[in-house]
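Here's a quick briefing for anyone opening this structure for the first time. Have a look around, then read on.

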Amino acid sequence: MNVPRRRAPALDLTGLHPDTVAVAAGRPHLAGQPVNTPMVPVSNYDSGNGPEYARGDGTDTWRALEDAVGALEGGKALAFSSGMAAISALFDSLGPGAKIVLPDDCYQGTATVVADGAARLGWRVIRLPTAETERWVQAAAGADFIWMETPSNPLLEIGDIATVCAAAEAAGALVAVDNTVATPLLQRPLDLGATFSVHSATKFIGGHSDLLAGIVVCADRQPGWDGFESLTRRRTYGGATPGTLESYLALRGLRTLSLRLERAQANAVELAERLDQHRLVTKVRYPGLLSHPGHDLARATLDGPGALLSFELVGSAVSTDVRLSKLQLIHRATSLGAVETCIERRAKLSGQDHLPPTLCRLSVGIEHVEDLWSDLVQAIDGLVD
Ligand SMILES: *Cc1c(COP(=O)(O)O)cnc(C)c1O
């Protein structure tokens with residue numbers, strides 16, 4: 001297993017802009033060969049000087065995706081069957097009694113994995129608000145593993161990755177950043193000192209609500225550190241390998257990420273400003289707004305405010321549900337990061353009762369902004385209470 005095999009020579013990506021890297025990385029560059037890495041549906045290889053079995057040795061299809069995301073984030077990437085498969089593989093490496101720091105506004109699946117580890121393995125868990133950097137710095141001192149998610153979902157708080165990573169390094173703790181909401185184009189956690197950057201490629205990378213996939217990008221700066229090999233073993237023996245079609249589609253999605261994000265983000269900026277002025281909207285959370293408490297930090301660490309925002313409406317959970325039920329174009333759906341705009345009243349999900357009851361998370365897509373605005377306004381104004 002793990003015998004190197006012949007692959008197309010990689011293009012030198014040095015000095016290219018991320019938008020170009022998203023298009024150019026992970027492609028063959030051989031005369032007479034397809035410009036795309038073909039889909040290779042394979043489990044078994046003829047024995048000899050090369051790969052033997054796909055679960056451990058991978059396929060060209062996954063590797064193309066890994067090469068591209070790794071190039072964007074400046075590390076070595078491993079693709080998984082879903083974001084949760086990637087996240088579980090990371091937490092699986094923690095032993096009994098591990099000390100973990102986790103955001104209080106955090107992807108529910110991650111919180112569930114950690115709660116399970118606390119119950120079974122006695123993990124000691126501290127949960128902190130993403131934006132309270134000083135508390136993260138203090139907590140880093142006694143921690144083994146620090147999990148960050150910034151911008152946070154759905155409260156859109158901004159964490160200070162560089163400051164937390166500096167404190168973690170001094171304490172010998174590892175830091176993983178869930179970079180799903182920011183995307184590899186807006187934030188590069190490894191450059192800020194993180195050990196791992198994690199994606200649900202189901203979201204912005206895939207971008208079309210048609211696949212599940214996950215990616216971990218590992219920093220490879222510590223000499224002798226085997227984080228990448230250990231995670232590869234967990235994928236091989238946990239069996240959480242990505243599908244061929246999913247890997248192909250995720251890479252195809254990545255090719256247009258910069259264009260999709262440009263439009264979705266411009267839409268989000270416009271919608272956030274208009275919602276902020278609407279008489280029935282009591283609060284808008286979006287790092288692109290000047291009023292956002294993390295606005296300056298977001299400007300310093302992110303290349304843009306992104307395409308996710310939340311807003312709260314006057315009234316109750318019930319009246320909010322009635323308003324959302326009037327939406328025609330915008331999907332009432334749970335996921336985020338796709339070309340189509342989706343909205344969800346988040347407190348209706350189990351485990352989310354800490355959220356304001358009327359908080360609606362809007363994952364802004366690439367439709368025309370005026371159509372999105374008309375749909376939102378007719379729904380919000382459609383109920384007189
Ligand atoms: C969706 C999501 C995940 C989980 O990814 P799946 O691909 O659904 O398994 C993890 N983190 C964040 C921030 C997500 O939005």
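Helices (H or I, at least four residues) and strands (E, at least two) are DSSP runs, numbered from the N terminus. This is a predicted model, where local features need pLDDT of at least 70 and side-chain atom pairs count only at pLDDT 80 or more, while totals for chains, interfaces and linings use all residues. Residues are numbered from 1 along each chain as its sequence is written, and side-chain values use heavy atoms, with hydrogens and water left out.

**H3 and H10**

- Helix H3 (residues 60–73) packs against helix H10 (residues 244–255) at about 35°, with axes 8 Å apart; axes are lines fitted to C-alpha atoms, for helices over the stretch in contact, and angles run from 0 to 180 degrees between N-to-C directions.
- On the H3 side, the residues that meet H10 include Trp 62, Leu 65 and Val 69, and among their partners in H10 are Tyr 248, Leu 251 and Arg 255.
- Sorted by class, this contact has 10 nonpolar, three polar and one charged residues (Ala, Val, Leu, Ile, Met, Phe, Trp, Tyr, Cys and Pro count as nonpolar, Asp, Glu, Lys and Arg as charged, and the others, Gly among them, as polar).
- H3 passes H10 in a left-handed crossing, meaning the near helix is turned anticlockwise from the far one by less than a right angle; clockwise would be right-handed.

**H6 and H7**

- Helix H6 (residues 133–140) and helix H7 (residues 161–171) pack at about 15°, and their axes are 8 Å apart.
- That makes H6 and H7 roughly parallel, a label for angles under 35 degrees.
- From H6, Thr 133, Trp 136, Val 137 and Ala 140 take part, meeting H7 residues that include Val 164 and Ala 168.

**The loop between S4 and H7**

- Pro 151 sits in the loop between strand S4 (145–149) and H7, and the Thr 150 to Pro 151 peptide bond is cis, with omega near -5°.
- Pro 154 is in the loop between S4 and H7 too, joined to Asn 153 by a cis peptide bond with omega about 10°.
- Leu 156 isn't a glycine, yet its phi is positive, about 60°.

**Around the ligand**

- The ligand has 13 residues around it, with Met 84, Asp 178, Ser 200, Thr 202 and Lys 203 the closest (a heavy atom within 4 Å counts as near).
- A polar side-chain atom of Asp 178 is 2.7 Å from a ligand nitrogen atom, and one of Lys 203 is 2.7 Å from a ligand oxygen atom.

Technical notes:
Parallel < 35°, antiparallel > 145°, perpendicular 65-115°, else oblique. Contact = heavy atoms within 4.5 Å. Polar contact = N/O pair within 3.5 Å; in protein donor to acceptor, adjacent residues only side chain to side chain.
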